[in-house]
Amino acid sequence: MKAMRDVWGEKLVQLGDSDPRTVVLDGDLANSTKADKFARAHPDRFFQMGIAEQNLIGAAAGLASVGFVPWTSSFTVFLTHRAIDPIRMLVAQTYANVKIAGSYSGLLIGAVGKTHLDVQDLAIMRAMPGIVVLAPADETELVSMMDWATVHEGPVYLRLVRDAVPDLVGSDYSFTPGAVHQLRSGNEVTLVSTGPQTSRVLTASDQLAASGVSVSVVHVPCIKPVDSDALLDAVGDVPLVVTVEEHSIYGGLGSLVAELLTANRSAPRVVRIGIDDTWGESAGNDFMLAKHGLSAGRISERVRSLLPSRVAG
Amino acid sequence: MTSTDTAATAQNSAAPDLPGLARQARWQVIKTVTNAKAGHIGGPLSMMDLLVSLYFGELRIRPEEPDWPERDRFILSKGHAAIGLYSVMALRGFLDIDELATFDKGDSRLQGHPDLTRLPGLDASTGSLGQGLSVGVGMALGARLAQKDFHTWVLLGDGEIQEGMVWEAVQVAARYQLTSLTAIIDRNGLQQFGLPSTDLTTHTDRGDRRDPWFGVDLSAVFQAFGWRVVELDGHDYEQIAAAYRLARAGDPNGRPTVLIAHTVKGKGLSLAEGLHTWHSIVPTKEDFEKARSELEPDEIDLLDSYPHRAPAGVDGADSPTSMNGAEA
């Protein structure tokens, strides 16, 4: 099991090998994001923009305009927050062919604290017309998304986590924009998730199934665009839908699902699990997941509490 | 310490009547803003001589093929001066003069701030200030990597360069020795509102406003950041042409070039010169008539004769090295 950042760095090198248009702009974090692999393999196409993310985005737009395919290398928070105006103006509004790779998204980025945590990126990028917003769950999905993104003409936001994540999708997986994936099928509750959080949701669903709950699990790797009909189909006709994301409960996957469901005449109850309008802190992964209700155990516990009480077996 | 280069006297420039073109473009600005009841005047007028000199004397561009890959890139970073750019582009043949009447109206290609998704010939969308130089950095990096020899020009306002992002680009351009990148600063000494002048700061012709860079030696600042600096009178065509030639030739010491062009806000319209109140204003009927008397071309057919007819020698496609004069 490789760290997602290593997968990203190695895939970048490959894209650099196969496509001379591939360039990388770094915000002085290449040895964290693992863009340093690309810097070693393709030094002439690696640009050190220094600790200056707004200019990094502008320069990426300039490189894109003369035919290159620029990838950014920085922490998500410094892109989707600090450099958001250049992203809005120079990338989204002009449909620039820039691939915004946001490393270190979510809660699990080491003990660095709330300054570096980004749990609003999906909300921000989702509200930005013209950008494709992706959250890969595992190595295979990430690689497939990068293959797709490099061919796609237009801006892409790629939400990356730092650490190793369990395999989720099969080796025959091929990314299709908008597609959703039904991983379990049941009729009492549907759990919807994205990114590596889906793996924890899957574990939670196994725990629930073991205690007799009939659970569906839906994985949504493409936050935007999303195939609304496919998502509604996958959610199915259940009385309870629970969204789970390593992101604020505002504006991300939970909002997306609630917006789509409530546009229908009779919506099920939707409960959103995520970071509940609070800031993070310096802590280890297990602490963070437990505190914010995102560990498998906490998810299954929460879902059980939402279901009609049943006689314990 | 490096001394500031001085733009020397230009060679005789043969063809285009730059003062005449600039006067027409200024008139189009006034007329369009008056009709649209929206837009900016002070900034478009201050940069007009710089812009006309670029589009009719320096840029290697093809109005009939606006996305020509080898073209020079031009970015109007001070995007609020869009109507000035549209007026010059119209005179240069990128669009019909009549289209200026659509400025700021729904579905127009001529948005209040330049939108490259709408109007061919624009190399960047600008308007949120301070962003254009970064795009220019990317274009210059791209030109080097792709081994293309186009030059990238970015026109900034002196108020605009208060934005921090500009200085991010400034340091990266120097680090990468982007000699094919030239920043032009429209140094008109005013911004939209700015600060009131005081006894200490009032020794300019800027009315009751102080220069945004009062007490700061901008030239020294850019030099300290590793840029080659040329100061010039932004209304003197010979100095402008010489500075452009110098910039295109590239600094032998590998520095990017900044042209600090001293200008007068509202230049060419006596009512507006040096006044921050004309930054963004819709002229009254009286002011409009006054402008007409100062700016409207004597021969009305001039307006019809310029579009789509580039003066000989200014199309870089025909004479790609013609503007590449010796260093002044």
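The model is predicted: local features need pLDDT of at least 70, side-chain atom pairs count only at pLDDT 80 or more, and totals for chains, interfaces and linings use all residues. Residues are numbered from 1 along each chain as its sequence is written, while chains are lettered from A and ligands numbered from 1 in the order in which they are written.

**Chains**

- Chain A has 13 helices and 12 strands, and chain B has nine helices and six strands; helices (H or I, at least four residues) and strands (E, at least two) are DSSP runs, numbered from the N terminus.
- The C-alpha atoms of chain A fill a box of roughly 65 × 40 × 35 Å along the principal axes.
- Of the 313 residues in chain A, 53% are buried, and of the 328 residues in chain B, 55% are buried; buried means that 20 or more other C-beta atoms, placed from the backbone, lie within 10 Å of the residue's own.
- Among contacts between residues at least 6 apart in sequence, 79% in chain A join residues at least 24 apart; for chain B the share is 76%. Two residues are in contact if their C-beta atoms, placed from the backbone, lie within 7 Å.

**Contact between the chains**

- The contact takes 24 residues from chain A and 22 residues from chain B.
- On the side of chain A that touches chain B, helix H4 (53-65) and helix H6 (84-92) are the elements that give two or more residues. The largest share, nine residues, comes from H4(A).

**Helix H1 of chain A**

- Helix H1 (residues 4-18) of chain A has 15 residues and reaches 21 Å from its first C-alpha to its last, close to the 21 Å expected at 1.5 Å a residue; the expected span is 1.5 Å times one less than the number of residues.
- Buried residues in H1(A) include Met4(A), Val7(A), Trp8(A), Leu12(A) and Leu15(A).
- What covers the buried residues of H1(A) includes strand E1 (22-26), helix H3 (36-41) and helix H8 (139-151) of chain A.

**Backbone features in loops of chain A**

- Lys34(A), in the loop between H2 and H3, has a positive phi near 80 degrees and is not a glycine. Lys34(A) counts as buried because it has 25 C-beta neighbours inside 10 Å.
- Tyr104(A), in the loop between E4 and helix H7 (121-126), has a positive phi of about 60 degrees although it is not a glycine. Tyr104(A) is buried, with 25 other C-beta atoms within 10 Å.
- A cis peptide bond with omega about -5 degrees joins Lys224(A) and Pro225(A). Pro225(A) is in the loop between strand E10 (222-224) and helix H10 (228-235).

Terms used
Buried ≥ 20, exposed ≤ 12 C-beta atoms within 10 Å, placed from the backbone.
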